[in-house]
Amino acid sequence: MAINIIAQNKKARHEYEILEKFEAGIVLTGAEVKALRAKRANLQDAYCRFIKGELFLMNAHIAHLETASKHFTPDTRAPRKLLLHKKELEKIYVKVHKEALTIVPLMLYFNERNLAKASIAIARGKKLHDKRADLKAKTLDREAKQAMKNRSY
């Protein structure tokens with residue numbers, strides 16, 4: 001059984017150079033888990049931040065389902081705590097504050113055990129010329145694959 005991807009942050013791979021990836025659990029309510037199963041999440045403009053020594057997922061949009069409680073509508077962009085081992089948290093904290101890096105969420109998914117997880121990464125912002133070079137390389141690669149596919153013997 002493979003992972004079930006809920007939402008991806010495609011913009012993060014374009015805007016940042018990914019240095020190191022981590023898998024983190026997420027603290028969610030029952031209605032939020034239902035919304036994730038319905039793939040009602042968006043990681044665009046999401047980021048991670050340390051608050052009092054704990055890592056939080058900020059500005060990630062998890063929609064409220066109509067089938068959930070009508071009496072209580074939670075904040076869809078509320079900060080959500082990420083669960084990591086203490087050594088991993090310390091490692092991330094040191095790297096981010098020492099080298100002026102950032103923490104970006106790459107995707108939300110359900111793993112093999114059907115637990116909601118977030119893939120986060122320590123990243124460095126790309127310069128404009130780096131983005132252009134990546135786009136050019138991607139375009140050339142796509143054209144080469146297309147040429148190989150259309151080539152007949």
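**A friendly note on the sheet and its helices**

1. Gln 8 belongs to β1, an edge strand covering 4–8, and β1 is joined to β8 (residues 102–110) by four bridges, with the two strands running antiparallel. Strands here are DSSP runs of E with at least two residues, while helices are runs of H or I with at least four residues, both numbered from the N terminus.

2. Before going on, please note that this is a predicted model, in which local features need pLDDT of at least 70, side-chain atom pairs count only at pLDDT 80 or more, and totals for chains, interfaces and linings use all residues. Residues are numbered from 1 along each chain as its sequence is written, and side-chain values use heavy atoms, leaving out hydrogens and water.

3. Now the whole sheet. Seven strands form an open sheet in the order β1-β8-β9-β2-β7-β5-β4, with antiparallel pairing. Two strands count as paired if DSSP finds at least two bridges between them. The edges are β1 and β4 (47–51), each pairing on one side only. From one strand to the next, the twist averages 45 degrees.

4. β2 and β9 pair antiparallel over nine bridges, and in β9 Ser 119 stands opposite Glu 23. β2 is also joined to β7, by two antiparallel bridges; there, Gly 25 has Leu 83 as its bridge partner.

5. Which strands does helix α2 touch? Helix α2 (residues 30–37) packs on the sheet against β1, β7 (80–83), β8 and β9 (116–125), where contact means heavy atoms within 4.5 Å. Its direction makes about 75 degrees with that of β8; such angles run from 0 to 180 degrees between N-to-C directions, using lines fitted to C-alpha atoms, for helices over the stretch in contact.

6. Helix α3 (residues 86–99) lies across β2 (16–26), β4, β5 (54–58), β8 and β9. Its direction is at about 150 degrees to β2.

7. Finally, step back to the chain. The protein chain has four helices and nine strands, following the pattern β-α-β-α-β-β-β-β-β-α-β-β-α along the sequence. Its C-alpha atoms fill a box of roughly 65 × 40 × 30 Å along the principal axes. Of the 153 residues, 35% are buried (under 20% relative accessible area, with a 1.4 Å probe and protein chains only).

Note on methods:
Buried < 20%, exposed > 50% of the residue type's maximum accessible area, 1.4 Å probe, protein only.
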